Amino acid sequence: MMPIDAVRLERWRERLMRAVMRAGWAGALGVALLAFALAFGLSAGGEQAARAETLAAERASLLKVAAAPVAPVLSDRGQLAAFYARFAPASELSVVLAQIHSAAADHGLLPERGDYRSALVSGTPLVRVTATLPMQGRFDDLYAWLGQVLAEQPGAAVEQLSIKRARATDGQVSADVRLSVFVRGGV
């Protein structure tokens, strides 16, 4: 004797087979399409849920950014004043140059001599101090020193760089570095 669940299942199968036979080939095609649509819908549901989670996370991060306080909008004059405020005052020029030379020493580079010239930058409150520094050392050290100077000194710029090597196999290079340091005010 069959359990009750198996009996019900057999009856449902029998009814389904009779309905399919009465419907003919069009009914069988309809049932097949219905089964395909059901399977497709179930398989795409997981991808849609993952996409929904991704979009929810993106929305949350955008809302967090949107909720952040907005910096006040400065006038053109205010923006220009804020730009010039980033440069060191002329009274700190010796400190800036000492930091540049200290960074060179930290990288094993010592300028043979230094040539310094200053000039007012017309139309601005800036003074441009040009330092020409001939150096000897390894290329990697020179490159690291220049990177450090440019990262730490917002008013510094490499104006010219000339690198020479006696032989292609030499580890030492001879370099002429011309740096421009911009400061606020008169020197």
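Helices (H or I, at least four residues) and strands (E, at least two) are DSSP runs, numbered from the N terminus.

This is a predicted model: local features need pLDDT of at least 70, side-chain atom pairs count only at pLDDT 80 or more, and totals for chains, interfaces and linings use all residues. Residues are numbered from 1 along each chain as its sequence is written, and side-chain values use heavy atoms, with hydrogens and water left out.

**Helix 3**

Leu-93, Val-96, Leu-97, Ile-100, Ala-103 and Ala-104 are buried in helix 3. They cover an arc of only 120° around the axis, which puts them on the same side of helix 3. The arc is that of the directions from the helix axis to the C-beta atoms. An α-helix has 3.6 residues a turn, so residues three or four places apart point the same way. Ser-94 and Asp-106 are exposed, on the face turned away from the buried side of helix 3. Buried means under 20% relative accessible area, exposed over 50%, partly exposed in between (1.4 Å probe, protein chains only).

The cover over the buried residues of helix 3 includes strand 2 (115–120), strand 3 (126–138), helix 4 (139–152) and strand 5 (172–184). After helix 3 comes Gly-108, with a positive phi near 80°.

**The core**

The largest nonpolar core has 23 residues; Ile-100, Met-135, Leu-142, Trp-145, Val-177, Leu-179 and Val-181 touch the most other members. Helix 3 gives the largest share of this core, 6 residues. Such a core is a set of buried Ala, Val, Leu, Ile, Met, Phe, Trp, Tyr and Cys residues joined through side-chain atoms within 4.5 Å.

Beyond four places in sequence, Met-135 has contacts (heavy atoms within 4.5 Å) that include Ala-104, Leu-142 and Trp-145.

| Residue | Relative accessibility | Class |
|---|---|---|
| Gln-172 | 45% | partly exposed |
| Ser-180 | 1% | buried |

Gln-172 lies in strand 5. Leaving out residues up to four places away in sequence, Gln-172 touches Gly-137, Arg-138 and Arg-165. Ser-180 is also in strand 5.
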